[in-house]
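User: I'm new to reading protein models. Could you walk me through one, feature by feature?

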Amino acid sequence: MISIPRSKNAWLSTAWAVITAIGITQTILYKLSTGSEQSWIAALRSPIVAALVGLGMIFFWIKPGYELLKKKPTALKIPLFLLHLVGYEMIALMIFFLFIGFWSGHLSYTWYESFVSEGLISNFHSSAKSYFLFVATIFAYDYFSEREQSILKQKQVENELSKAKINAIEAKLQPHFLFNTLNGIVALIEENTDKAQKALIGLSDLLRFSITLEPETLIEIDQEVELLKKYLMIELIRHEEQLIVEWNIKPSSSGFKIPPLILQPVIENSIKHGFKNLEQPLQIVVEINCELKIVIIKNNGQPLPDYIVEGVGLRIVRQRLQSYFSKDSNIKTYQEGSWVINELAFGQ
């Protein structure tokens, strides 16, 4: 498997290796096609030296120069980069001449004059292309690296904002839940002290269990059911035979996670409004489809009015759904025959 370079130096080295390979391949093909009697060492001398000199110039001239010049004012960058290019060409020619001269034994001032003249006039455009290729490579690497870092920082900020939003919603939920539950227990004290004591113990047990849960984390549906049962135990102590709760859970192998205590306000709302003007036991049915990630909580209590006003509890549930899941998640309340239905869809 071919690995993609990650560092700037790796990208520059890879680009130069490709250029070097092309130059050596061209030299080999030229020698083979022309039948030149020149030895292979002599034929490959120039491309090998060019490869070594070019690699050195990339890391000791182009890259450091780019890092320095990019900090200059915009108006000066173009002329400075052009001067940098000329310096690159002159230094590269000098080093190349010395390498070739010592290797071939033709080191002389006359040869140097013709060598430099040919390099500046005939091959300057080729060197300029290589120079700007590597400047563009460094620029592109810096641009996309900075963009990647910017996107990561943006995501981190969004995650922090999302957590802060979730915590704020949770902060609204806890007082609302405690206020309503304690109100019910206070009313129970006047009727039956023993029942009120049991309800307080149940509330303490529920709070002790829920306080260990992180607000921004999701829990398995089984844990949420256990939390609901602890809450419903308090309500069953208050209402006894007048409250009937049924469970219908369809499990799934893929798992189903939801925010902790997100179903409690829906159950509470069903009990609170379901008992209004009701002369028979209130039946609450909790249907959980783990495969479709849908929860239906229905009751046979007081029918819905023509105009539904969403209370604090259900509004918090809606906000939590939108904070945790996709736009497909929602809560719907509607009447179906004698049943008032609350349907919660958790985004797939």
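**Reading the model step by step**

Analyst: The protein has an accessible surface of about 20900 Å², and 61% of that belongs to carbon and sulfur atoms. Accessible areas come from the Shrake-Rupley method with a 1.4 Å probe, and for residues only the protein chains shown count as cover. Keep in mind that this is a predicted model: local features need pLDDT of at least 70, side-chain atom pairs count only at pLDDT 80 or more, and totals for chains, interfaces and linings use all residues. Residues are numbered from 1 along each chain as its sequence is written, and side-chain values use heavy atoms, with hydrogens and water left out.

User: How many helices and strands are there in the protein?

Analyst: Helices (H or I, at least four residues) and strands (E, at least two) are DSSP runs, numbered from the N terminus. Here you'll find 9 helices and 7 strands.

User: What percentage of the residues count as buried?

Analyst: Buried means under 20% relative accessible area, exposed over 50%, and partly exposed in between (1.4 Å probe, protein chains only). Of the 348 residues, 36% count as buried.

User: Which residues touch the most other members of the largest nonpolar core?

Analyst: In soluble globular proteins, nonpolar side chains tend to be buried together. A nonpolar core is a set of buried Ala, Val, Leu, Ile, Met, Phe, Trp, Tyr and Cys residues joined through side-chain atoms within 4.5 Å. The largest one has 32 residues, and Leu263, Ile267, Leu344 and Phe346 touch the most other members. Several elements supply at least two residues each, including helix 8 (264–274) and strand 5 (294–299). Helix 7 gives the largest share, 6 residues. There's also a second, separate core of 22 residues, which includes Ile62, Phe81, Ile100 and Tyr131.

User: What is Leu344 in contact with?

Analyst: Contact means heavy atoms within 4.5 Å. Leaving aside neighbours within four places in sequence, the partners of Leu344 include Leu263, Val266, Ile294 and Leu321.

User: Which strands pair with strand 7?

Analyst: Two strands pair if DSSP finds at least two bridges between them. Strand 5 and strand 7 pair in the antiparallel sense over 6 bridges, with Ile297 standing opposite Asn342. Strand 6 (residues 330–336) also runs antiparallel to strand 7, joined by 7 bridges, and there Thr333 has Asn342 as its bridge partner. Strands 6 and 7 form a hairpin with 2 residues between them, and Gly337 in the turn has a positive phi of about 65°. Strand 7 (residues 339–345) is mostly covered, with 5 of its 7 residues buried.

User: How many aromatic pairs are there?

Analyst: Rings of Phe, Tyr and Trp (its six-membered ring) pair if their centres lie within 6.5 Å; planes under 30 degrees apart count as stacked, over 60 as edge-to-face and the rest as tilted. The count comes to 8 aromatic pairs. Tyr131 and Phe132 have ring centres 5.2 Å apart and planes at 80°, so they're edge-to-face. Tyr131 is buried, at 0% relative accessible area, whereas Phe132 is partly exposed at 38%. Ring pairs link Tyr88, Tyr131 and Phe132 into a cluster.

User: Where does the charged end of Lys298 sit?

Analyst: A charge sits over a ring if NZ of Lys or CZ of Arg is within 6 Å of the ring centre and within 35 degrees of the ring normal. The charged end of Lys298 is over the ring of Trp339, 5.0 Å from its centre. Lys229 lies over the face of Trp247, at 5.5 Å from the ring centre.
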